[in-house]
Every structure is written in C-alpha cells, then in structure tokens.
Amino acid sequence: MYKKLEDYLEQINSYLVVKEGREEILSEIRGHILEKTENEFGEITEDSLGKIIVHYGRPKKVAEQYLEGYQIISPTFKKYLFLYTGILFAIHFCLTMITFLFGSSSIMVIPFLYIPKMGFIELLSYLPMAFIHDFGLVCFFLYFITQSKKDIKLPWPRLKVSTPRIPEKKRVQPKIIYLILMLIGFCLVVSAYIRFHTLFFVSLDLKSPESLLNPEASKWYSLFLITIIACEIIGYSFRFFTQSEWVPLVINAFYLVLVWIIFNNPIENAYVGIQGTDLDFVNSLVKVIAGLVLVVFTVSAAIDFLKSLLSLVRKAVTK
Amino acid sequence: MTDETSKFESEMNRGFLQVLVLVLLEKSMYGYMMLKHFERLGYSVEENTLYPLLRRLEKKDFIQSEWDVSQDRPKKFYVISKRGRCARKELLKIWREQNEILNHLLEANKNV
C-alpha cells in the first residue's frame, strides 16, 4: 500500500462517472503507475510514485477521459435553461412584489411556489433564494427530459432562445445638454417646492396656489417626486462613466423601497381635491389617475429592476 | 509546434490511435506494454488517453480483455476480437482512400 498512490486513486474515484467497472479502471491505473515507477526509478518509493502520478495527470482530468457521454442535461436543452429560468423567475418576482406591496396574505401556487407575506429585509433575502429555486426547478425538469432519451421538442421554439450570448445593450449615449436641462428642471421643481410647499397644484395662480393635497401629504409626496427626479438625474449622470447594469438595478430597487414606504404609511385624508361646486366626478377621476400613475410607475420600476437583475445574473452565470 | 497545430494533431491522433491499437492488438498486450511499444516506434501516447480508449473499444466489442493475476501485480491484457478485425479492415480501407486523396492533391499542387 502506497499512501500517495491510494490517495490519488481515491481522488480519481470521486470524479469518476461510470456505470460499471470502476474497480477495474482503478486497478489498471494502479498497475500502470507501479510498473512505470519501477521501470523508471528502479524501486518504488513515495517520492518516485509522486513524480509518476504528476505525469499521469490531475485526477479530475483523468476521470473526465472516462466519461461515456453521460449527461445530466443534454447540451441541446442548455439554451432553454436561462430562458425558462428567466420566465419562471419573472412570474415569481411579480407575484412576490404583489404580495409584498398589496397582499395581506401569502400566495401559494401548488406545488411549486409558496410566497409568504414578508417585510422588506425578508424580501431581500427571499429574492436570491427564489432565483435559485427557479433555476433548480428548471434543471430538474430538463434533467428528466434528458434522461427519458426521447426526442422532445420543448415549447416556444420560435422564441429567439438560440442565442445564448448576452447581447450587448446598445444604450443611447448620454448628452451633456440633456443633463443641463434636467438640472435646470430639477432646480425649478425644488424652488417651487421651497416657495409653495407643494408640487401638486390645482391652478397655476402663483399668488395663492391651491394644493390638491393636505399639507402633510403635500410635503411627503412632493419630496417623493423630488427624490425620483434626483435619482433619475444621478442615474443619467452615471451613464457618462459606466454602462453597468448595477446603476439601474440600485435605482429601481430604491424606487421600489420608496413605493413600499408610501403604501405602508398612508396619510389620512390626503386628498383635499378641487374646491368648488359639483366637482365630485372630477375629484374621483383625479384620484383614479393618480393611483394609476403610481401603479404604472411601480410596475415599470419592478420590470426595469428585474431586467437589470437578470442581465447581471446571466452575465455572471455565463462567465 | 504552435498551439493550433497541437490541437489539430490531437484531433488527428484520436482517430489514428484507434486504428493503431486495433492493428497492434493482433497480439495480446496490456496497457503499459502498448505504450512502450508505441514509444519505440517514436509515437508518443499519453497513458490517460490510451486506457479510456481501450475501455471504449472493449465496450464496442472491438477488443476483448482478460486479467492476468498469476503475478504479484495483476495486469489486464487486451486482444482484438472478430468484430474488431472487421472494423479494422474497414477503417484501414478508409485510411488508405483518404491517403490517396491527399497524395493526389499534393501531386496536383506540385504542378501549380
């Protein structure tokens, strides 16, 4: 028994994927190494064995030579892996956001998904786990298809899934003039807020502007709007230096947090409305439109966040 | 030899080694003995290439094996099978035809 040799064979054994003849393979390698060592060095010692073992090759590489075409997932299905994971995670993400923002109870899609009602910190740890779960589920599905050894044509073949490369996003280059205009706009908005303590006017009568919201709501929702504009300007400025997906990811995550804060801290009787006679219908309409704008903003931020996240994950996994 | 040429060489060797083994195993031999034989002919083969190849050929029934345990160190001897001989005949025919095509093209190039 030579410890070095037995350790080496044990390592090969741990990498070997063969259905039968494992012992024979190892015995043959053992016999070869011993005979070669004896012929080249005259006697077998741990040192001389070590030299022959190094020449024989790394255990993983040696074991790979014995692969018999056994595959966990067929290469023809690999291109579907990211597409299906992406679709599944998109659904999972949307359901999670719905539960997080609007839901009062958990969501269960038997037997695959269970989305508990959760707080913000739980959400942050839940999303990566959700991605791993979805990835595993798709792997599991593709594994069974591969092992069935049948010619199964997977759905959505016309989708352009045959491009595993990550297409480089051709972003429009930022222009300094737009940045200046945005900054001017931002200054105007901030100065309007400082002067009138609201950004939600009924009329543009600068002497005595009427606000749609009560003072507290005016303050918070105006600050919310100013923060969003500021973030947009910061995001735009970053594009002068980097096209990284991390920038939209962080900004959209921040938006989602802001929306979450607004939803979770409703202000009583925030909407004052347009003062006057018989304007109930107009007031209701304004309320509905405001709600819709907020929902569209949330969905848009969620989609952008998801797109950036998927792009980053795909890049990382492909690497 | 450049990296690219080296890659080509290993690709060419893959097929060539199979034919070579089928020719060599007319006589019963074990792995290390075969490697030594190739070495004497000036053809270098890595051991971790030869043994998996022998296993694949055995699975295809082109060669047969038998363990010799009469000595201290057991050895696995291989010899070509009937099926292997048929395959060898076909492979050699293909190899000769390919050789002819190549020679023909090289001759034609001389006149250019």
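A crossing of two helices is called right-handed if the near helix is turned clockwise from the far one by less than a right angle, and left-handed if the turn is anticlockwise. The close-up views below are taken from a predicted model.

**View 1. Helix 1 and helix 2 of chain A form a right-handed crossing.** Two packed helices are described by the angle between their axes and the distance between the axes. Here the axes of helix 1 (residues 3–15) and helix 2 of chain A come within 11 Å and cross at roughly 145 degrees. Helix 1 of chain A contributes Leu5(A), Leu9(A), Ile12(A) and Asn13(A) to the contact, while helix 2 of chain A contributes Arg22(A), Leu26(A), Ile29(A), Arg30(A) and Ile33(A).

**View 2. Chain A meets chain B through 13 residues of chain A and 12 residues of chain B.** On the side of chain A that touches chain B, the elements giving two or more residues are helix 2 (22–41) and helix 4 (59–65) of chain A. Helix 2 of chain A supplies the largest share of this side, namely eight residues.

**View 3. Asp61(B) lies in the loop between helix 3 (47–59) and strand 2 (63–68) of chain B.** Most residues other than glycine have a negative phi. Asp61(B), although it is not a glycine, has a positive phi of about 75 degrees. Asp61(B) counts as exposed because 12 other C-beta atoms lie within 10 Å, and a residue is exposed if that number is 12 or fewer.

Terms used:
Residues are numbered from 1 along each chain as its sequence is written. Chains are lettered from A and ligands numbered from 1 in the order in which they are written. This is a predicted model: local features need pLDDT of at least 70, side-chain atom pairs count only at pLDDT 80 or more; totals for chains, interfaces and linings use all residues. Two residues are in contact if their C-beta atoms, placed from the backbone, lie within 7 Å. Helices (H or I, at least four residues) and strands (E, at least two) are DSSP runs, numbered from the N terminus. Axes are lines fitted to C-alpha atoms, for helices over the stretch in contact, and angles run from 0 to 180 degrees between N-to-C directions. A residue is buried if 20 or more other C-beta atoms lie within 10 Å of its own, exposed if 12 or fewer, and partly exposed in between; C-beta atoms are placed from the backbone.
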